[in-house]
Amino acid sequence: MTSTSPDVTGPASGTEADITDELVADVFARACPSRRTLENVTGKWGTLALAALADGSHRFNALRRRVDGVSEKMLSQTLHVLERDGLVVRDVRATIPPHVEYSLTPLGERVAAKLRELIHLVEDEMPAVLAARARYDRARAAD
């Protein structure tokens, strides 16, 4: 990202076209907003929320049950940042009580598909991971 690019992490200072025309994404550059998006996506709760939503839309409490161990506060914060990044859409229906569902945007679907591939790879390779941990722990214990 060039030093003349606007701060796209704050309030909109120009049009969306102005911002995207000037942005050259480089996740390795400290000031690039893609780094923050990558953090939001690959954080523990972001990854699990996106992967869970890949199965279809969920109400908040159903999503919280699916993502075992996440607190209400962390899930709420995670969904807000994923919504801000354009990965999740929050659909509020004017019923009593209000009905709120979360689902993936087309961008969120593409990201979630890649995350699910990674999740499946990790799950499939757990025997090798556990064996490596045991070897490591035995070697450290021998030191």
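The dialogue that follows reads one predicted protein model feature by feature.

Student: What should I know about the model and its numbering before I start?

Tutor: Residues are numbered from 1 along each chain as its sequence is written, and side-chain values use heavy atoms, with hydrogens and water left out. Because this is a predicted model, local features need pLDDT of at least 70 and side-chain atom pairs count only at pLDDT 80 or more, while totals for chains, interfaces and linings use all residues.

Student: How many helices and strands does the protein have?

Tutor: Helices (H or I, at least four residues) and strands (E, at least two) are DSSP runs, numbered from the N terminus. In this protein there are seven helices and three strands, and along the sequence they follow the pattern α-α-α-β-α-α-β-β-α-α.

Student: In what order do the strands lie in the sheet?

Tutor: Strands of a sheet pair through backbone hydrogen bonds, either parallel or antiparallel. Two strands are counted as paired if DSSP finds at least two bridges between them. Here the three strands form an open sheet in the order β1-β3-β2, with antiparallel pairing. Since β1 and β2 (88-93) stand at the edges with a single partner strand each, one side of each is left without a neighbour in the sheet. The antiparallel pairing of β1 with strand β3 (residues 99-104) runs over two bridges, and Glu-101 in β3 is the bridge partner of Arg-59.

Student: Which residues of the largest nonpolar core touch the most other members?

Tutor: In soluble globular proteins, nonpolar side chains tend to be buried together. A nonpolar core is a set of buried Ala, Val, Leu, Ile, Met, Phe, Trp, Tyr and Cys residues joined through side-chain atoms within 4.5 Å, where buried means under 20% relative accessible area, exposed over 50%, and partly exposed in between (1.4 Å probe, protein chains only). The largest such core has 20 residues, of which Leu-50, Leu-53, Leu-63, Leu-75, Leu-79, Val-88 and Tyr-102 touch the most other members. At least two residues of this core come from each of α3, α4 (60-66), α5 (72-84), β3 and α6, and the largest share, five residues, is supplied by α3. In the protein as a whole, buried residues make up 24% of the 143 residues.

Student: What is Val-88 in contact with, once its neighbours within four places in sequence are left aside?

Tutor: Contact means heavy atoms within 4.5 Å. With those neighbours left aside, the contacts of Val-88 include Leu-50, Leu-53, Leu-79 and Tyr-102. A second case is Thr-47, which is found in helix α3 and counts as buried at 14% relative accessibility. Leaving aside its neighbours within four places in sequence, Thr-47 is in contact with Val-41, Thr-42, Leu-115 and Ile-119.

Student: How many salt bridges does the structure hold?

Tutor: Side chains of opposite charge can pair when their charged atoms come close. A salt bridge is a side-chain nitrogen of Lys or Arg within 4 Å of a carboxyl oxygen of Asp or Glu. The structure holds six. One of them joins the side chains of Arg-36 and Glu-39 (3.1 Å, N to O); because these residues are three apart in helix α2 (residues 33-42), about one helical turn separates them. Arg-36 counts as partly exposed at 47% relative accessibility, and Glu-39 is also partly exposed, at 41%.

Student: Which parts of the protein does the salt bridge between Arg-116 and Asp-55 tie together?

Tutor: The side chains of Arg-116 and Asp-55 meet at 2.8 Å, N to O. Arg-116 lies in helix α6 and Asp-55 in the loop between α3 (44-53) and β1 (58-59), so the pair ties together parts that are 61 residues apart in sequence. Arg-116 is partly exposed at 26% relative accessibility, as is Asp-55 at 47%. A further salt bridge links Arg-140 with Asp-143, their closest N and O atoms being 3.4 Å apart; Arg-140 is partly exposed, with a relative accessible area of 46%, whereas Asp-143 is exposed, at 74%. Salt bridges that share partners join Asp-55, Arg-66 and Arg-116 into one network.
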